Amino acid sequence: MNFFISPRVGRGDFVFGVLSVAALWVAGLYAITGGLLFTLELGFKTEIRAVGSEPFEITILRLFCDALLVWFAIRRLRDAGYNGLYVLVPIVLGFLGPIGAVLMIISIVAILVLPGEIGPNRFGPDPRGWKSKEQYDEQRRRIETGEI
């Protein structure tokens with residue numbers, strides 16, 4: 001499947017990847033712990049835990065899922081024409097406390113809604129199949145005039 005090897009990934013594939021990682025996380029937690037524990041955090045008491053303070057298997061699962069999410073985000077940024085190092089912005093913002101967490105969520109949403117470049121860019125071919133901006137414009141013109 002081209003989704004796993006393409007250097008660029010569109011919005012829909014990005015959402016599919018994030019949901020797949022979420023499903024992998026839930027399935028992995030279920031397999032490791034034998035059940036799922038859902039809690040409601042109301043913000044009255046905050047317990048900060050570092051990665052590695054949980055059981056070893058959960059730490060490995062967390063690192064694997066986080067690596068997949070970073071890989072998807074880098075490919076999504078490349079589709080929009082940005083360097084993959086911009087993925088460090090939400091990661092760094094996450095360490096800045098509650099305001100940083102809000103900014104991190106905003107930056108992740110921004111990665112999702114960034115429009116992809118039409119046609120190939122310096123990172124690879126367009127995942128939607130457009131060969132050039134001119135081909136896209138011609139197709140759009142033909143649809144608008146009713147030729148297609």
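These are my notebook entries on what I looked up in this structure.

**Entry 1: the overall fold**

First reminder to myself: I am working with a predicted model. I went through the secondary structure and found six helices and zero strands in the protein chain. Along the sequence I can write the pattern down as α-α-α-α-α-α.

I then checked burial across the chain. Of its 148 residues, 24% count as buried. I also looked at how far apart in sequence the contacting residues are. Among contacts with a separation of 6 or more, 62% come from residues 24 or more positions apart.

**Entry 2: the nonpolar core**

Which residues make up the largest nonpolar core? I got eleven: Phe14, Val21, Leu29, Ile58, Leu61, Cys65, Phe72, Ala73, Leu77, Val87 and Ile111. Helix H2 (11-33) and helix H3 (56-79) each put in at least two residues. H3 gives the most, with six.

I picked Ile111 from that list and looked up its neighbours. Leaving out residues up to four places away in sequence, I see Ile111 touching Phe14, Ala73, Arg76, Leu77 and Pro90. Phe14, Ala73 and Leu77 are on the core list as well.

**Entry 3: H2 against H3**

How do H2 and H3 run relative to each other, roughly parallel or roughly antiparallel? I have their axes coming within 10 Å and crossing at roughly 180°. Anything over 145 degrees counts as roughly antiparallel, so that is what I call H2 and H3.

The contact list for this pair took up some space on my page. From H2 I noted Arg11, Phe14, Gly17, Val18, Val21, Leu24, Trp25, Gly28, Leu29, Ile32 and Thr33. From H3 I noted Glu57, Ile58, Leu61, Arg62, Phe64, Cys65, Leu68, Leu69, Phe72, Ala73 and Arg76.

Next I turned to helix H5 (residues 97-113). H3 and H5 pack at about 50°, with 9 Å between their axes. I therefore put H3 and H5 down as oblique to each other, and their crossing is left-handed. On the H3 side I find Ala73, Arg76 and Leu77, which meet Ile111, Leu112 and Val113 of H5.

H2 also packs on H5. Those axes come within 8 Å and cross at roughly 135°, so H2 and H5 are oblique too. Here Arg11, Phe14 and Val15 of H2 meet Ile111, Leu112 and Val113 of H5.

How many salt bridges does the structure hold? I count three.

I started with Asp79. Its partner Arg8 has its closest N to the O of Asp79 at 2.8 Å. Asp79 lies in helix H3, while Arg8 sits in the loop between helix H1 (2-5) and H2, so this pair ties together parts that are 71 residues apart in sequence.

Asp79 also forms a salt bridge with Arg76, again listed at 2.8 Å, N to O. Asp79 and Arg76 are three residues apart in helix H3, so about one helical turn separates them. Taken together, I have Arg8, Arg76 and Asp79 linked in a network of salt bridges.

Asp79 comes out at 2%, so I mark Asp79 as buried. Arg8 is at 1% and is buried. Arg76 is at 0%, so Arg76 is buried as well.

The last pair I looked up is Arg141 with Glu138, whose side chains meet in a salt bridge at 2.6 Å, N to O. Arg141 and Glu138 are three residues apart in helix H6 (residues 133-145), so they too are separated by about one helical turn.

Arg141 has a relative accessible area of 36% and is partly exposed. Glu138, at 37%, also counts as partly exposed.

How values were computed. Residues numbered from 1 in each chain as written. Predicted model: local features only at pLDDT ≥ 70, side-chain atom pairs only at ≥ 80, totals over all residues. Heavy atoms only, no water. Core = buried A, V, L, I, M, F, W, Y, C linked by side-chain atoms within 4.5 Å. Buried < 20%, exposed > 50% of the residue type's maximum accessible area, 1.4 Å probe, protein only. Helix = DSSP H or I, 4+ residues; strand = E, 2+ residues; numbered from the N terminus. Contact = heavy atoms within 4.5 Å. Salt bridge = Lys/Arg side-chain N within 4 Å of Asp/Glu carboxyl O. Axes fitted to C-alpha atoms, helices over the stretch in contact; angles between N-to-C directions. Parallel < 35°, antiparallel > 145°, perpendicular 65-115°, else oblique. Left-handed = near helix turned anticlockwise from the far one by under 90°.
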